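This report describes the surroundings of a ligand and the packing of aromatic rings in one protein model.

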Amino acid sequence: MPPPDTPDQKRVAIIGAGWAGLAAAHTLQQKNFKVHVFEQSHTLGGRARKVHSRKLGRTIDNGQHLLIGAYVDTLRLMQELGLNEKKHFLRQALDISSLNQDFRLSIQSTLPAPLNFLYALLRAKGLTFSNKYKLIRALASLKKQKWQIPQAQTVAHWLKQQNQTPFLCQFFWEPLCIATLNTGTNKASMQLFAIVLQQSTDAGKQASDFLIPRVDLSTLWAEKLSHDIAITYGKSIQSIQMTSAGYQINGLDVDAVILATPARQCARIMASLPGSENQPGLMKALQQFNFNPIMTITLELEKNWHLPLPLYLLKTENPQQDPGQWLFMRSRFMNDAHSYRPEITIVISLANEWLAKDKQEIIQRVIEQLERQAPEKIPLPAVTAWDIITEKRATFSAEPGLQRLPNNTAWPGLYLAGDWTDTGFPGVLEGAVKSGQLAARLLTKHLIS
Ligand SMILES: Cc1cc2nc3c(=O)[nH]c(=O)nc-3n(C[C@H](O)[C@H](O)[C@H](O)COP(=O)(O)OP(=O)(O)OC[C@H]3O[C@@H](n4cnc5c(N)ncnc54)[C@H](O)[C@@H]3O)c2cc1C
């Protein structure tokens with residue numbers, strides 16, 4: 001139950017209970033504001049949430065998420081909520097190994113960053129010396145430029161400029177770009193990719209660590225907030241009204257508001273405000289985002305698949321034939337894995353080509369891909385059940401020249417939050433959390449100044 005009101009307590013509404021909205025809610029609740037969250041669905045977490053799979057008869061995630069050690073604001077927020085990192089995450093040093101065992105890039109050294117990454121690259125399996133040299137030179141040139149790239153440049157353009165070989169482009173850069181930006185190299189913004197690369201190679205020894213959640217994404221931290229914050233579920237807010245003292249939302253009077261919905265929904269809600277007709281630039285900027293889908297496949301297995309690592313890179317030499325890009329061995333890291341059959345998840349980012357395909361066909365292709373790429377001595381066990389979750393608008397397409405919006409607006413006491421705001425990050429969890437926290441800080445300043 002949320003704590004009772006105290007006189008003089010300022011009231012704040014947040015629309016949208018994704019990671020941005022909830023990070024804002026937590027920050028404001030700590031500042032002793034009375035926070036009310038409106039969420040259109042019945043689950044907390046937005047694009048990183050739990051879902052019930054009827055096919056599997058249990059709770060799974062809407063998509064496998066991977067955090068990295070550089071997500072400092074997200075990890076600090078979880079610490080504030082009292083989360084025990086070891087219990088909630090499997091943390092391991094960066095290790096990208098292909099299931100077919102022909103590639104491995106693994107940080108194990110005790111060296112500081114970026115030397116640890118350099119050493120890992122030099123020891124990497126599956127790259128010729130000349131390719132390693134080209135990779136290192138490209139990264140060194142980025143570092144020399146302080147990871148700052150002309151805004152209009154695509155990743156493909158940069159790769160050409162850096163003289164990267166077709167092998168490196170196809171087997172190293174393209175999979176990495178799709179995995180981190182959910183956008184192909186020919187369209188992706190090099191500036192956003194440079195930020196990802198900086199975090200993984202040059203932001204401190206543990207910044208490149210992988211953190212894989214051991215519990216479902218709503219239980220992880222979002223649901224902890226529901227004890228302290230008033231939440232209205234199942235309410236899609238279409239408009240808000242300005243009042244003499246602030247705003248009114250669904251009959252609730254508040255002093256200030258954070259819109260933490262996707263950009264287009266923000267535009268729709270703001271269109272109800274006086275003066276919105278004088279903000280054509282803002283309204284246009286909110287509509288400009290394109291989105292790319294991610295498909296997540298869960299396969300239930302007859303028995304445990306005894307592969308040693310928690311995740312593997314899948315080879316996609318022929319993307320028409322090999323849909324899967326990453327394999328996660330969920331039974332190896334989920335806390336409740338003992339209570340159901342062994343399961344694995346396969347991620348298909350930038351899944352546009354697979355949207356119209358028959359699901360049974362996709363499953364068949366994925367199984368064949370795993371069978372082909374599995375080590376001979378550790379074959380894929382029989383698949384007993386499956387589910388596919390498609391998030392059609394998983395992340396915004398991280399293209400050059402996107403106008404990312406600030407958190408404040410022309411309306412006093414009205415703020416924006418979401419991974420699409422001007423976070424400096426692509427569409428990721430850390431960006432969402434940072435954005436929510438910044439919106440909350442701006443709102444606090446507004447109300448107490
Ligand atoms: C399949 C998948 C895999 C991903 N993998 C990763 C990963 O591995 N690592 C990573 O860092 N990021 C990953 N991401 C991206 C990450 O999930 C997002 O960046 C993040 O969740 C965005 O949070 P948000 O709060 O900005 O937006 P959202 O999560 O979209 O939150 C917006 C909320 O607003 C609600 N809402 C919308 N309209 C209204 C309305 N009118 N009234 C009330 N409520 C409304 C929505 O229901 C939603 O809950 C992945 C995303 C997907 C979909």
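## Ligand shell and aromatic cluster

A backbone N or O atom of G427 lies 3.5 Å from an oxygen atom of the ligand in this predicted model.

| Residue | Protein atom | Distance to a ligand oxygen atom |
|---|---|---|
| H65 | polar side-chain atom | 2.8 Å |
| L429 | backbone N or O atom | 3.0 Å |
| G427 | backbone N or O atom | 3.5 Å |

On its own the ligand has 1000 Å² of accessible area, and the protein covers 94% of it. Around the ligand are 35 residues, of which E39, R47, L66, Y71 and D419 come nearest. By class, this shell has 16 nonpolar, 14 polar and 5 charged residues. At least two shell residues come from each of α1 (19–30), β19 (383–396) and α14 (429–448), and β19 gives the most, with 3 residues. Domain 1 (11–44 + 226–289 + 401–448) and domain 3 (291–396) each contribute at least three residues to the shell.

Turning to the aromatic side chains, the structure holds 8 aromatic pairs. F103 and F172 form an edge-to-face pair, 6.5 Å centre to centre with 65 degrees between the planes. This pair links distant parts of the chain, 69 residues apart: F103 sits in the loop between β7 (95–97) and β8 (104–106), and F172 in helix α7 (residues 166–181). F103 counts as buried because its relative accessibility is 9%, and F172 counts as buried at 10%.

The ring centres of W158 and W173 are 5.5 Å apart and their planes stand at 90 degrees, so this pair is edge-to-face. Because W158 lies in helix α6 (residues 155–161) and W173 in helix α7, the pair ties together parts 15 residues apart in sequence. Both W158 and W173 are buried. Ring pairs link F103, W158, F172, W173 and F193 into a cluster.

Note on methods: Residues are numbered from 1 along each chain as its sequence is written. This is a predicted model: local features need pLDDT of at least 70, side-chain atom pairs count only at pLDDT 80 or more; totals for chains, interfaces and linings use all residues. Side-chain values use heavy atoms; hydrogens and water are left out. A residue is near a molecule or strand if one of its heavy atoms lies within 4 Å of it. A polar contact is a pair of N or O atoms within 3.5 Å; within protein, one must be able to donate a hydrogen and the other to accept it, and residues adjacent in sequence count only if both atoms are side-chain atoms. Accessible areas come from the Shrake-Rupley method with a 1.4 Å probe; for residues, only the protein chains shown count as cover. Helices (H or I, at least four residues) and strands (E, at least two) are DSSP runs, numbered from the N terminus. Ala, Val, Leu, Ile, Met, Phe, Trp, Tyr, Cys and Pro count as nonpolar, Asp, Glu, Lys and Arg as charged, and the others, Gly among them, as polar. Domain bounds come from an automatic or database domain assignment. Rings of Phe, Tyr and Trp (its six-membered ring) pair if their centres lie within 6.5 Å; planes under 30 degrees apart count as stacked, over 60 as edge-to-face and the rest as tilted. Buried means under 20% relative accessible area, exposed over 50%, partly exposed in between (1.4 Å probe, protein chains only).
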